Amino acid sequence: MLGLSKGKSMAISTSDFKNGMNIDLDDGLFQISEFQHVKPGKGGAFVRTTLRNLRTGAVIERTFRAGEKMERAVIDKREMQYLYAAGDEMVFMDNETYEQMQVPKDSLGTAPEFLVEGNAVVLQMYGSEIVGTDLPASVVLTVTETEPGIQGDRVSGARKSATMETGVVVQVPLFIEIGERLKIDTRSSEYIERANG
């Protein structure tokens, strides 16, 4: 089981802010989505930010005093190969060290819906904690369950549900059948096309 140890961090101030930068605050680990330096006529300058919580995905707005110091969180991206499921955990192997890691499925967001044994995934790590996953834009999955297609049923744009080998349900064209391999968009869970071969 992974612990919640602190990752690598370094002190920065609001003048160092960049979009996409990660910061470690008392109430969570955040990524800067937007920021704006504000210099009002009266009073001190400040920085207005929009932050996304890396653990929960929640978006908040936060204002910092100009020059305020905080910790920049350094997120390591480790390329892993998904090996197999073990109960509520998924086992990955680091592609560089060959070290194996058991990860709770619920810490991976939607990634388990698109991973089959042997797939590559990039785990975003803060210390030993997984704070995100980078999947390829699309994956190829096999249809395990769907209504049979009816000969001549080619209504343009008509869709039906298909359950893929990972359990994710995707809307597919009526002519798709069980056993077919399909390319699926990992960001939207949408059918792209039949996979060749």
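**Getting to know the model**

Colleague: Where does Thr14 sit?
Modeller: Strands are DSSP runs of E with at least two residues, helices are runs of H or I with at least four, and both are numbered from the N terminus. Going by those, the place of Thr14 is the loop between β1 (8–13) and β2 (22–25).

Colleague: What kind of model is this?
Modeller: Residues are numbered from 1 along each chain as its sequence is written, and side-chain values use heavy atoms, with hydrogens and water left out. Local features need pLDDT of at least 70 and side-chain atom pairs count only at pLDDT 80 or more, while totals for chains, interfaces and linings use all residues, since this is a predicted model.

Colleague: Is Thr14 buried or exposed?
Modeller: Let's set the scale: buried is under 20% relative accessible area, exposed is over 50%, and partly exposed is in between (1.4 Å probe, protein chains only). A contact means heavy atoms within 4.5 Å, and leaving aside residues up to four places away in sequence, Thr14 touches His37, Val47, Phe64, Arg65, Ala66, Gly67, Glu68 and Met70. Its relative accessibility is 1%, so Thr14 counts as buried.

Colleague: How many strands does the protein have?
Modeller: There are 0 helices to look for. The count of strands is 16.

Colleague: What is the radius of gyration of the protein?
Modeller: It's taken over C-alpha atoms, and the globule rule is 2.2 Å times the number of residues to the power 0.38. The C-alpha atoms fill a box of roughly 75 × 45 × 25 Å along the principal axes. A compact globule of 197 residues would come out near 16 Å, but this protein has 22 Å.

Colleague: Which serine near Tyr191 in sequence does Ile184 touch, and what is the phi of Ser189?
Modeller: Setting aside residues up to four places away in sequence, the contacts of Ile184 include Ser189, Glu190, Tyr191 and Ile192. Ser189 lies in the loop between β15 and β16 (191–194), and at 24% relative accessibility it counts as partly exposed. Ser189 is not glycine, yet its phi is positive, near 60°.

Colleague: And what is the phi of Tyr98?
Modeller: Tyr98 is in the loop between β8 (89–94) and β9 (100–104). With 58% relative accessibility, Tyr98 counts as exposed. Here too a residue other than glycine has a positive phi, near 65°.

Colleague: How far apart in space are Val74 and Ser138?
Modeller: Val74 is in strand β6 (residues 69–74) and is partly exposed at 28% relative accessible area. In sequence, Val74 and Ser138 are 64 residues apart. In space, C-alpha to C-alpha, the distance is 27 Å.
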